[in-house]
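Try each task before reading its solution.

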Amino acid sequence: MQQPMIVGKPALIVVDIQQAGAMPAEEVGIAHMDGIDDRVRRAERLVAAARDAGVPIVFFQEVHRPSGVDFGRELDGAEGRHCVAGAPGTDLWPTLVPDPAADDREFHIVKRRYSGFIGTEFEIVLRGLGVQTLVLIGGLTDVCVHYTFADAHQRDFYVRVVEDCVGGSSVARHEAALDAMEYLQSGARRSTDEIVAAFERAVIPAGVGA
């Protein structure tokens, strides 16, 4: 059954928009769809709309130790070493970072796995804020976005994915992942314009758990 686009209090989840997205796969270990500049512009628009409405924002960054101790099974498939601490491309995109003056609304969470829920304080933050709907942007559509979506779904969050503001490891995998997310929650696939309009209608009162 399709639910309203935003149920309860929303949060914008910026998944791994890191500088590697604009770099060649042979340098950063993972292939990325073309179109990063357009996706960044949309992400900047969504972040600005969230800030204006008082919507909490979580900025995820995938980072691995140079020793490789925390890669686990991530290198068993098509991916090479990626998102290594201190390596080119691992830093967040410079215009998509938390506002240091908004420490009760904007959060930077480093993760070692695809899903934002694994080994992080993500769920504690969401529950503390009283968030019910997660709006996902970033990448990769078929990896970290998809796994975070699925784990949120299994924790009974409402989840929306901004399909023109996520990018996959390939167009085919991107489309397949979007289809899989829509299968889990009807109406999950949304556009930047739709989410911006929803944020404009949903000005959130200040305060933890508001």
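Helices here are DSSP runs of H or I with at least four residues, strands are E runs of at least two, and both are numbered from the N terminus. This is a predicted model, in which local features need pLDDT of at least 70, side-chain atom pairs count only at pLDDT 80 or more, and totals for chains, interfaces and linings use all residues. Residues are numbered from 1 along each chain as its sequence is written, and side-chain values use heavy atoms, with hydrogens and water left out.

**Exercise 1. Find the buried residues of α5 and say what covers them.**

Step 1. The buried residues (under 20% relative accessible area) are H174, A177, L178 and M181.

Step 2. Look down the axis of α5: these buried residues fall within an arc of 100°, so they line one face of the helix. The arc is taken from the directions from the helix axis to the C-beta atoms.

Step 3. Their cover includes α4, β5 (158-167) and β6 (189-190).

**Exercise 2. Describe how α4 and α5 are arranged.**

Step 1. Two packed helices are described by the angle between their axes and the distance between the axes.

Step 2. The axes of α4 (residues 141-154) and α5 (residues 171-184) come within 9 Å and cross at roughly 5°. Axes are lines fitted to C-alpha atoms over the stretch in contact, with angles from 0 to 180 degrees between N-to-C directions.

Step 3. The two helices are therefore roughly parallel (an angle under 35 degrees).

Step 4. For the contact (heavy atoms within 4.5 Å), T141, D142, V145, H146, F149, A150 and H153 of α4 meet R173, H174, A177, L178, A180, M181 and L184 of α5. By class, this contact has eight nonpolar, four polar and two charged residues.

**Exercise 3. Is Q61 buried or exposed?**

Step 1. Locate Q61 in strand β2 (residues 57-62).

Step 2. Its relative accessibility is 9%, so Q61 counts as buried.

Methods: Angles under 35 degrees count as roughly parallel, over 145 as roughly antiparallel, 65 to 115 as roughly perpendicular and the rest as oblique. Ala, Val, Leu, Ile, Met, Phe, Trp, Tyr, Cys and Pro count as nonpolar, Asp, Glu, Lys and Arg as charged, and the others, Gly among them, as polar. Buried means under 20% relative accessible area, exposed over 50%, partly exposed in between (1.4 Å probe, protein chains only).
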